Every structure is written in structure tokens, then in C-alpha cells.
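User: I would like to go through this structure with you and ask on what grounds each label is given.

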Amino acid sequence: MKFFLVALALVAAVIADVSELSGGYDYHAPAPSAPVNTYIPPAASEPVNTYIPPVAASEPVNTYVPPAAASEPVNTYIPPVAASEPVNTYIPPAAASAPEPTVELAQDGYRYKTHRHRVYRKRF
């Protein structure tokens, strides 16, 4: 009987009319605005032509400073360096020797670890 009531409640929830709940969310997105080519005329007042005269100086100001006396440039031609052809020469590799052992070995030829790895207990 409980199963029947739960199934009936689920069917009622699926069939329920919820159209009144969508009233606040049923809006359409605004259309994208396209650029509008409109001419906005300037203000109605006429422009005023005003002339502002430069400040009168008592003496003319000379800002040009001549350069110091320099020698005349010398026109000389420098030819490019002649490129020499590459020479194909064979350089043999250096004789490879066996690397020297960097670890000291015991008399029997084995390496023994002499240090201990200490593990400390964590106390909580």
C-alpha cells in the first residue's frame, strides 16, 4: 500500500500544473543593438574667430647653436673581407678511457653502506 501511495504522489507531482510559477522568469533577451549611423549637428551658435597675438619679445631669441668645428669626413672604401672556403678536416675523437671509480671498494670488490638511515617516530 505504501508503494502505491508513493507512486501516486510521484505521478501527481509530474502532472502538476506549474505554469503559474514561470510568470517571473518568462522574459525574452533584448535584441542585440546594431550601430546606428546618425548625424548630430553642432550647437546652433556660430563659431567665434579669435586671434591671440604672440607675446612681443624685446629681443629676438636665437636658439640655434652651431656645432663645434669638425674635420671634413673622409670618403674611403673598405673592401669586404674575402670569405675563405671551409676546410674539411677529420678530427678523431679523444681516446675514451674507463672512468676511475669514485667510490672506495672493499678488498672483495664490493661497496658497503656505512651510514644508517634513521627513522624517527612521530608522536601525536
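Analyst: The protein chain has one helix and zero strands, where helices (H or I, at least four residues) and strands (E, at least two) are DSSP runs numbered from the N terminus. This is a predicted model, in which local features need pLDDT of at least 70 and side-chain atom pairs count only at pLDDT 80 or more, while totals for chains, interfaces and linings use all residues. Residues are numbered from 1 along each chain as its sequence is written, and side-chain values use heavy atoms, with hydrogens and water left out.

User: Why is Leu 5 called partly exposed?

Analyst: Buried means under 20% relative accessible area and exposed over 50%, with partly exposed in between (1.4 Å probe, protein chains only); Leu 5 has 48% relative accessibility, and therefore counts as partly exposed. Leu 5 lies in helix α1, residues 2–15.

User: What makes α1 lie largely in the open?

Analyst: The number of buried residues among the 14 of α1 is zero, so the helix lies largely in the open. Across the 124 residues of the protein chain, 0% count as buried.

User: How do you know that the reach of α1 is close to the expected one?

Analyst: The expected span of a helix is 1.5 Å times one less than its number of residues; α1, with 14 residues, reaches 20 Å from its first C-alpha to its last, close to the 20 Å expected.

User: Which residues does the "signal peptide" annotation cover?

Analyst: The unreviewed UniProt entry places it on residues 1–16, a span that is 88% helix and 0% strand.

Conventions
UniProt positions are given in the numbering used here, feature names are shortened, and annotations may be inferred rather than shown by experiment.
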